[in-house]
Amino acid sequence: FPFPYTPYLIQERFMAALYAALEAGRVGIFESPTGTGKSLSLICGALSWLRDLEEKKQQEEARLLAQDGKERLDSAEPGGAGICGAAGEPDWVTAFVRKKEERDAMDRLKEEQIKRKKREERLEKIRHNVQLKYAVKRKRSEEDETKRLLQLSKEVLSEGAGEEVLEQLDHNEEELILAEYESDEEKKAVSGLEEDDDDLEEEHVTKIYYCSRTHSQLAQFVREVQKSPFGKDTRLVSLGSRQNLCVNEEVRRLGALQLISDRCMEMQKNKHEKSNEEVEGKKRRVSRTMCPFYSYEQMQFLRDEVLVEVKDIEQLVALGRETKACPYYGSRYAIPAAQLVVLPYQMLLHEPTRSAAGIKLKDQVVIIDEAHNLIDTITCIHSVEVSGSQLCCAHSQLLQYMERYRKRLKAKNLMYIKQILYLLERFVAVLGGKETCSISRDAGTVLKSINDFLFQSRIDNINLFKVQRYCEKSLISRKLFGFMERYGGPATAVKTAKENQKLAGLQNFLLTLQQGSDKAGDPPVEAGDDQLRTASPLMQIEGFLSALTNANQDGRVILNRQGTVGQSSLKFLLLNPAVHFAKVVEECRAVIIAGGTMQPVADFREQLLSRAGVDPARVVEFSCGHVIPPENILPIILCSGPSNQQLEFTYETRDLPQMMDETGRILCNLCNVVPGGVVCFFPSYEYERQVYAHWERTGLLARLAAKKKLFQEPKKANQVEQVLVEYTKCIKRCSQAGGQLTGALLLSVVGGKMSEGINFSDDLGRCVIMVGMPYPNIKSPELQEKMTWLDKTMPRAAGQAPSRVLIENLCMKAVNQSIGRAIRHQKDFASILLLDRRYARPAVFNKLPQWIRERTQVKPAFGSAFAELRKVRTHASYTKTV
């Protein structure tokens with residue numbers, strides 16, 4: 001775009017490009033730097049297209065219905081039926097079939113119109129009838145009071161029945177017994193309440209699924225929707241996990257997501273099961289806890305409230321508490337009628353989670369924002385690691401469970417449990433465990449293809465698809481979790497009817513391994529009792545079994561053998577993320593991959609879209625410049641320091657004292673002329689600590705502290721907020737008070753807590769410094785396997801091997817994210833200093849964002865770069881002289 005940029009112009013072009021991509025059903029890669037109104041452009045462009053689409057559909061429906069009515073009138077007249085002949089069939093049969101299909105289609109249209117009209121009338125009534133809201137709340141309060149009185153009467157009646165309570169303890173274990181597993185065919189689980197409501201059968205309207213990385217980013221997007229012209233009449237639903245949406249304080253106190261999910265599922269099951277059961281010919285009442293918020297009527301009311309007015313997750317939770325309805329399930333009930341569904345993209349990219357949430361992508365639109373790490377996210381979601389400790393723990397638990405309930409379990413359940421036990425034994429054996437209780441001390445990492453791993457483990461004769469389906473349908477991990485909860489922990493030996501018999505064979509060996517690793521000073525499975533309860537090891541192993549069902553060429557199994565089996569691990573590494581993204585692209589009408597910094601985009605085209613089978617003609621790219629004028633940003637590639645030391649921070653040279661001294665001298669000079677905040681990014685935490693310690697020894701740290709107060713990025717996430725607050729206060733205090741101290745210097749790490757999602761706007765980031773190039777560790781087995789796989793499956797690009805391109809792209813994506821932290825709005829300005837002469841290489845230089853690349857200067861010597869930095873003080877904020 002021509003200078004000067006205006007946000008309105010960029011938003012207009014952005015919306016037009018987005019509208020065109022949605023209309024044509026394209027897969028779009030959209031890049032729009034921060035400050036260009038990306039979120040607002042996504043909202044307005046997408047909702048404008050959706051509104052136009054709905055109007056076109058309604059007009060077409062009206063036309064078809066009018067035409068159908070006219071044809072029916074014509075057919076009622078004598079001779080009005082026009083019959084067309086067809087080869088091989090009588091004319092009357094062909095005409096009958098055609099007429100029936102047309103009338104069935106018309107009937108479906110009429111039904112959809114009736115449902116849509118009912119929905120709109122219901123929502124309009126709720127929107128304007130405040131009394132209805134209070135009536136529903138009052139009814140809910142009366143029901144709660146009735147339940148409380150009934151509970152009190154039950155407690156009074158049960159007093160004095162001590163012996164019966166003692167007898168009931170064993171009977172309460174009935175809920176831990178696996179239900180009969182009749183077949184491997186999947187069943188459609190529908191509760192009786194859901195069958196009675198016609199609204200849930202409503203067809204999914206065309207909608208937009210908007211995804212981002214975190215709940216805070218989603219909340220920010222919802223606030224943008226509320227402020228947009230579409231805020232009042234858009235049916236928006238925010239989805240989240242139980243951890244974010246649960247309003248049952250008893251369940252929320254469990255803390256961990258797995259515990260919350262298990263407890264929630266158990267409460268649902270208790271609600272739908274009969275409370276009276278026959279055991280040994282005696283009728284006994286089983287008291288089971290049910291969630292008071294899982295009220296179908298109240299969740300339907302919450303669903304309508306969600307559709308009436310745009311709400312973010314915090315407002316949804318507050319509404320759930322007010323109406324005493326579950327926001328987690330109430331929001332899911334609202335999906336069919338919603339126009340805009342907002343959710344974390346981990347939920348959309350994982351197919352089982354997507355199906356469980358009721359998300360249907362057929363002919364819908366998906367917008368994935370903050371998609372710069374989309375490939376890594378898909379890889380992480382579908383890569384699973386299980387430790388030897390988890391394998392030992394799961395085997396011990398499952399064996400105890402089977403021994404206790406052997407006589408109560410059906411034959412098919414026993415068969416599958418024995419298969420799972422055998423799998424766990426073979427996994428332990430692969431990690432070096434032996435039944436003689438000796439432990440393999442051969443440490444090392446081995447990579448295997450899926451088929452080779454199955455053969456080596458001697459489990460190639462087991463149908464993993466059936467085992468994985470059994471685990472999913474029987475909920476065995478939840479049963480096992482409840483079983484171990486009852487008896488105090490995973491390492492507790494449960495007494496069976498034969499109390500004097502010891503656990504035999506491998507179970508003793510597995511327990512010995514756990515005790516032995518603790519005595520040897522190895523880290524325990526979990527830090528404490530509370531954390532120990534948060535993990536369901538069998539659940540993690542189910543994920544590993546599911547991963548093993550991937551195609552042989554799409555993944556690898558990493559065997560990491562350490563000193564003990566407990567410390568060893570098995571990891572499935574997904575190599576081809578496109579195999580899981582393909583279904584999203586195939587089903588959706590259009591997919592938009594958007595972000596502020598998407599360069600380099602070759603990864604998305606080649607690794608994700610091409611391998612997912614997307615036609616190159618269907619892919620469209622759109623990239624716009626920044627809203628700031630050219631003079632507001634000064635990017636410099638510095639090739640040498642003040643003492644003419646060449647700047648090339650390779651693994652071999654960056655640890656040299658002269659390189660660390662030169663980096664310190666550069667920072668000292670910059671801190672003398674740059675007021676406010678300076679953010680310096682290092683390639684790793686280890687190197688940042690090493691440089692800091694060296695500066696402390698040589699006295700450079702004291703020279704820096706004379707001009708800027710020093711802050712270091714913490715490794716713990718819960719300390720980041722405190723550091724940022726202190727950093728901000730220091731800069732504001734220095735700008736107001738004056739004096740020798742001119743601001744603050746923040747030492748941060750690429751890929752750390754402050755390289756993404758943090759805004760160093762205005763005085764918080766007047767200069768961003770990148771020390772070296774943050775290449776990933778190429779000695780990592782996972783990365784080496786990924787590089788080998790790319791070289792085998794991808795063509796060479798511009799004479800470069802795909803593995804080399806991957807390394808450079810990973811590096812530059814991290815750099816682009818970090819240096820983009822400083823420019824956050826139209827009037828912002830900052831300097832960007834890249835300390836490494838390798839940035840000037842064409843292959844690397846061209847991977848910088850266009851709006852930075854066009855203004856970047858390459859400075860062979862420090863003197864000319866320093867002179868340019870001094871000129872930046874002509875801005876209003878740079879009025880001080882050195």
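Tutor: Axes here are lines fitted to C-alpha atoms, for helices over the stretch in contact, and the angle between two of them runs from 0 to 180 degrees between N-to-C directions. Two packed helices are described by the angle between their axes and the distance between the axes. Keep in mind that this is a predicted model.

The part to look at is helix H27, residues 657–673. Start with its packing against helix H35, residues 862–871. The angle between H27 and H35 is about 25°, and their axes are 10 Å apart. Angles under 35 degrees count as roughly parallel. H27 is therefore roughly parallel to H35. The crossing of H27 with H35 is right-handed. On the H27 side, the residues that meet H35 are Ile666, Asn669, Leu670 and Val673. H35 contributes Phe862, Phe866, Leu869 and Arg870. By class, the residues in this contact of H27 with H35 are six nonpolar, one polar and one charged.

An α-helix has 3.6 residues a turn, so residues three or four places apart point the same way. Keep that in mind when you read the list of H27 residues that meet H35, namely Ile666, Asn669, Leu670 and Val673.

H27 also packs with helix H29, residues 700–707. Here the angle is about 15° and the axes are 9 Å apart. H27 and H29 are therefore roughly parallel to each other as well. The crossing of H27 and H29 is left-handed, whereas that of H27 and H35 is right-handed. From H27, the contact with H29 takes in Asp661, Gly664, Arg665, Leu667, Cys668, Cys671 and Asn672. From H29 come Leu700, Arg703, Leu704 and Lys707. The residues of this contact of H27 with H29 divide into five nonpolar, two polar and four charged.

Next, look at the loop that lies between strand S14 (633–638) and H27, where phenylalanine 649 is found. Is phenylalanine 649 buried or exposed? Its relative accessible area is 5%, and buried means under 20%, so phenylalanine 649 is buried. The C-alpha atoms of phenylalanine 649 and arginine 837 are separated by 9.0 Å, although the two are 188 residues apart along the chain.

Among contacts between residues at least 6 apart in sequence, 81% join residues at least 24 apart. The chain has 882 residues, and 50% of them count as buried. Its secondary structure comes to 35 helices and 20 strands.

Angles of 65 to 115 degrees count as roughly perpendicular. The crossing of H18 and H20 is left-handed. Asn413, Tyr416, Ile417, Gln419, Ile420 and Leu423 of H18 meet Leu464, Lys466, Val467, Tyr470 and Cys471 of H20. By class, that contact of H18 with H20 has eight nonpolar, two polar and one charged residues.

In helix H26, residues 602–610, the residues Asp603, Phe604, Gln607, Leu608 and Leu609 are buried. They cover an arc of only 160° around the axis, which puts them on the same side of H26.

Serine 32 is found in the loop between strand S1 (27–31) and helix H2 (38–76). With a relative accessibility of 1%, serine 32 counts as buried. Leaving out residues up to four places away in sequence, serine 32 touches Phe14, Lys38, Gly595, Gly596 and Cys624.

Technical notes:
Residues are numbered from 1 along each chain as its sequence is written. This is a predicted model: local features need pLDDT of at least 70, side-chain atom pairs count only at pLDDT 80 or more; totals for chains, interfaces and linings use all residues. Side-chain values use heavy atoms; hydrogens and water are left out. Helices (H or I, at least four residues) and strands (E, at least two) are DSSP runs, numbered from the N terminus. Angles under 35 degrees count as roughly parallel, over 145 as roughly antiparallel, 65 to 115 as roughly perpendicular and the rest as oblique. A crossing is left-handed if the near helix is turned anticlockwise from the far one by less than a right angle, and right-handed if clockwise. Contact means heavy atoms within 4.5 Å. Ala, Val, Leu, Ile, Met, Phe, Trp, Tyr, Cys and Pro count as nonpolar, Asp, Glu, Lys and Arg as charged, and the others, Gly among them, as polar. Buried means under 20% relative accessible area, exposed over 50%, partly exposed in between (1.4 Å probe, protein chains only). The arc is that of the directions from the helix axis to the C-beta atoms.
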